[in-house]
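This report walks through one structure, part by part. Keep the sequence and the 3D view open while reading.

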Amino acid sequence: METIYLDNNATTKVDPEVLEAMLPFFKEEYGNPSSMHLKGGEVAASLRQARLSLAALIGCEPHEIVYTSCGTESDNAAIWSALRTQPDKKHLVTSKVEHSAIINNAAFLRRLGYRVTEVGVDRLGRLDMEELTRSLTPDTALVTILWANNETGVLFPVEEIGALCRERGITFHTDAVQAVGKIPIDLKNLKIDMLALSGHKLHAPKGIGALYVRHGLKFAPFMIGGHQENGRRGGTENVPYIVGLGKAAELALARLPEENGRVRAMRDRLEEGLLRIPSTMVNGDREFRLPNTTNISFEYVEGESILFHLSHAGICASSGSACTSGSLEPSHVLRAMGVPFTAAHGSIRLSLAITNTEAEIDKALGIFPGVIKKLRDLSPFWKDGAPALDNALLTCDTSCQVCN
Amino acid sequence: MWEYTDRVMDHFENPRNVGVVSRIDGEGQVGSLSCGDALRLTIQVDKDRDVIEDAKFQTFGCASAIASSSALTEMIKGKTVDQALNITNQDIADFLGGLPREKMHCSVMGQEALEAAVANYRGLPPRAVQGDVVCHCFGVTEQEIEKVIRANRLTSVEEITQFTKAGGGCGKCLPELEAILDRVLHKKPSNGSGNAEKAPPKMTALKRIKLIEEVISDEIAPALMRDGGDIELVDVDGNEVVVALKGACSSCPASKRTLADFVTDRLRALVDPNIVVRESRS
Ligand SMILES: Cc1ncc(COP(=O)(O)O)c(C=O)c1O
């Protein structure tokens with residue numbers, strides 16, 4: 001059975017050209033780039049080239065890039081640098097819909113005595129800019145706000161947020177792990193101080209990330225050690241992976257038009273087709289969104305069940321349902337948006353990439369209706385092709401916080 | 001990815017006995033759409049022999065919820081009503097070759113639906129919410145929790161969540177779950193029922209205050225801190241212990257009652273069954 005991989009926000013397939021570019025560094029080009037001999041020299045030259053490619057993708061200077069082990073490390077490094085370089089400031093601003101890399105740091109900081117503001121979003125997942133503006137104080141050390149949401153693809157106005165922060169002299173970090181490679185990014189024209197990205201979301205391997213640190217910004221390293229990365233991240237460089245990320249960046253830059261053309265068209269066609277299934281809705285702002293992502297709720301059926309049936313038919317996707325999150329509550333992103341629980345439990349995220357084909361979309365569109373019907377036929381809330389809500393099971397009989 | 005057995009996947013992919021029986025003699029409904037899983041079980045009973053002739057289900061939920069429902073209907077068909085009632089949630093899980101621990105609540109849901117359907121068949125009123133609701137996120141009562149702890153020999157709060165979902169939402173009831181668990185495991189009397197067999201050991205007033213202090217700082221405070229709360233001992237006056245409750249939980253009246261209960265329970269169990277806890281109004 002052929003796999004139709006529609007989970008590219010979770011991770012992407014390593015591009016064959018990326019792998020090809022990496023291989024010599026597992027073989028003959030094994031030198032340490034710091035070494036003062038020819039083995040080191042040839043590797044150092046390749047690192048320089050990789051850095052140039054990544055800088056070109058995000059519109060910054062090569063020396064503004066610090067390589068890390070993943071997006072999560074980049075987020076950690078940004079947060080802790082901002083706090084350590086401004087030890088008098090005890091306030092952090094973030095949003096309610098961040099990735100766990102940010103959310104769990106914020107929770108930890110709260111326990112350490114920091115004040116944390118989590119700015120909310122509206123029903124379409126758009127950031128409450130008024131609340132954000134109100135929350136900024138002279139005590140604010142850092143604003144860390146996601147660029148593109150990993151679950152819904154909704155984009156936040158980082159240009160505006162950057163301007164607000166810069167006016168007030170507040171450091172602004174953005175988790176752009178889902179944005180880099182999918183939309184044009186030109187940091188030299190933005191007021192962003194730090195930006196996190198991760199290789200495995202743009203067809204490089206897992207285990208390589210980078211943090212953009214604006215020239216002139218005070219920085220305290222998260223990984224304390226050697227002089228690598230200009231003293232901003234200790235540890236001998238992960239040469240093959242940095243080279244792989246460089247190649248992936250080069251490819252991503254060249255493919256941005258395709259991502260925003262062909263991929264967007266496939267996503268839109270998939271979404272339109274799925275919306276023809278009754279009692280179905282899109283979660284998130286369809287206007288201001290990544291070109292590759294859609295988050296769709298199929299009401300009265302549960303996400304994990306959908307995923308297993310899809311997987312059985314060869315389709316890989318993900319869900320914001322409680323059962324798949326490992327917790328017992330559905331996705332914090334959908335809850336922050338106020339998506340009703342009845343819809344959140346049946347939410348499916350489909351995230352495309354240039355590796356997908358039109359034929360795959362056709363095939364997926366053929367598979368989905370049967371899967372949803374099969375589950376609705378089992379559901380106590382569905383009868384004869386329509387919701388059957390005359391049913392005691394709709395909400396529970398306690399003062400349940402889930403329903404309210 | 002969950003590790004489901006082939007039998008779970010088989011019952012999920014090819015569910016048996018879907019729908020509603022042609023003559024409903026008993027019906028049980030548990031769960032809800034908003035909680036993320038819901039099961040409606042209907043049974044048809046040969047009344048002369050008290051045998052379940054047919055059983056059908058409708059389920060909204062994850063793969064293991066659907067498989068557990070399907071398994072349940074297969075297990076009870078042909079059994080007498082009494083035999084069926086002997087089926088435990090563990091039997092349902094065993095029938096499927098086991099369920100991931102995090103999914104055991106699906107088997108509990110099946111067992112509860114069966115109980116409800118039989119009660120309905122026997123003309124008993126639908127099982128009202130018995131006892132106090134402990135977990136308000138998922139509407140789980142003290143009685144249900146105690147029963148599941150005993151039936152499955154649970155030993156940790158984490159397991160209670162895996163089996164009943166209680167504590168899996170906001171987490172405010174975790175201290176209370178811990179108290180219930182302690183009570184069941186140590187067979188301690190429940191809140192307020194006093195302790196007739198074991199007279200409290202005689203203590204000097206100073207020793208007693210010291211012990212109260214210790215229990216609060218070593219036992220109670222850490223449990224509350226896990227949920228972002230805290231407690232401070234304000235005063236001890238005879239049997240009255242005055243405390244200040246603080247932190248994440250202190251603004252919510254429902255959780256306050258829960259917290260006070262938890263504190264009372266621990267102090268009664270570890271210091272003196274006659275202790276009364278009062279909250280200071282500072
Ligand atoms: C928005 C966002 N931030 C951070 C991360 C973490 O990246 P990594 O897996 O490289 O640590 C992810 C990926 O899961 C993400 O989607």
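Strands, like helices, are DSSP runs numbered from the N terminus, and a strand has at least two residues. His91(A) lies in one of them, strand β3 (residues 91-95) of chain A. The model is predicted.

## A histidine in strand β3(A)

Is His91(A) buried or exposed? His91(A) has 0% relative accessibility, so it counts as buried.

Two side-chain polar contacts involve this residue. One joins His91(A) to Thr117(A) at 2.7 Å. The other runs from the side chain of His91(A) to the side chain of Thr140(A), at 2.8 Å. Leaving aside residues up to four places away in sequence, His91(A) also touches others, among them Tyr114(A), Arg115(A), Val116(A), Ser135(A) and Asp139(A). Ala141(A) and Leu142(A) are included in that set too.

## The interface of chains A and B

Chain A gives 35 residues to the contact, and chain B gives 41. Together the two chains bury about 3100 Å², with 66% of it on carbon and sulfur atoms. How many salt bridges are counted between chain A and chain B? The count is 1. Its partners are Glu304(A) and Lys103(B), whose closest N and O atoms are 2.6 Å apart.

On the chain A side, the elements that give two or more residues are α9 (303-312), α12 (341-344) and α13 (358-378). Helix α9(A) provides the largest share, 5 residues. By residue type, this side of chain A divides into 17 nonpolar, 12 polar and 6 charged.

## Aromatic pairs

Over all chains, 7 aromatic pairs are counted. In one of them, the ring centres of Phe26(A) and Tyr241(A) are 6.4 Å apart and the planes meet at 85°, so the pair is edge-to-face. Phe26(A) sits in the loop between α1 (16-22) and α2 (38-58) of chain A, while Tyr241(A) is in helix α8 (residues 239-275). The pair links distant parts of the chain, 215 residues apart. Tyr241(A) has 23% relative accessibility and therefore counts as partly exposed.

Another pair joins Phe308(A) and Tyr4(B). Their ring centres are 5.3 Å apart and their planes lie at 50°, so this pair is tilted. The pair crosses between chains: Phe308(A) is in helix α9 of chain A, and Tyr4(B) is in the segment before α1 (6-13) of chain B. Both Phe308(A) and Tyr4(B) are buried. With Phe12(B), these two residues form one aromatic cluster.

## Helix α1 of chain B

Which residues of α1(B) are buried? They are Val8(B), His11(B), Phe12(B) and Glu13(B). These buried residues pack against elements of both chains: α9 and α13 of chain A, and α2 (63-76) and α4 of chain B.

## Helix α7 of chain B

Why is helix α7 (residues 157-164) of chain B described as largely enclosed by the rest of the structure? The reason is that 7 of its 8 residues are buried. Those residues are Val157(B), Glu159(B), Ile160(B), Thr161(B), Gln162(B), Phe163(B) and Thr164(B).

Just after α7(B) comes Lys165(B), which takes a positive phi of about 75°.

Notes:
Residues numbered from 1 in each chain as written. Chains lettered and ligands numbered in written order. Predicted model: local features only at pLDDT ≥ 70, side-chain atom pairs only at ≥ 80, totals over all residues. Heavy atoms only, no water. Contact = heavy atoms within 4.5 Å. Buried area = accessible area lost by both parts, 1.4 Å probe. Salt bridge = Lys/Arg side-chain N within 4 Å of Asp/Glu carboxyl O. Helix = DSSP H or I, 4+ residues; strand = E, 2+ residues; numbered from the N terminus. Nonpolar A, V, L, I, M, F, W, Y, C, P; charged D, E, K, R; others polar. Phe/Tyr/Trp six-rings, centres within 6.5 Å; stacked < 30°, edge-to-face > 60°. Buried < 20%, exposed > 50% of the residue type's maximum accessible area, 1.4 Å probe, protein only. Polar contact = N/O pair within 3.5 Å; in protein donor to acceptor, adjacent residues only side chain to side chain.
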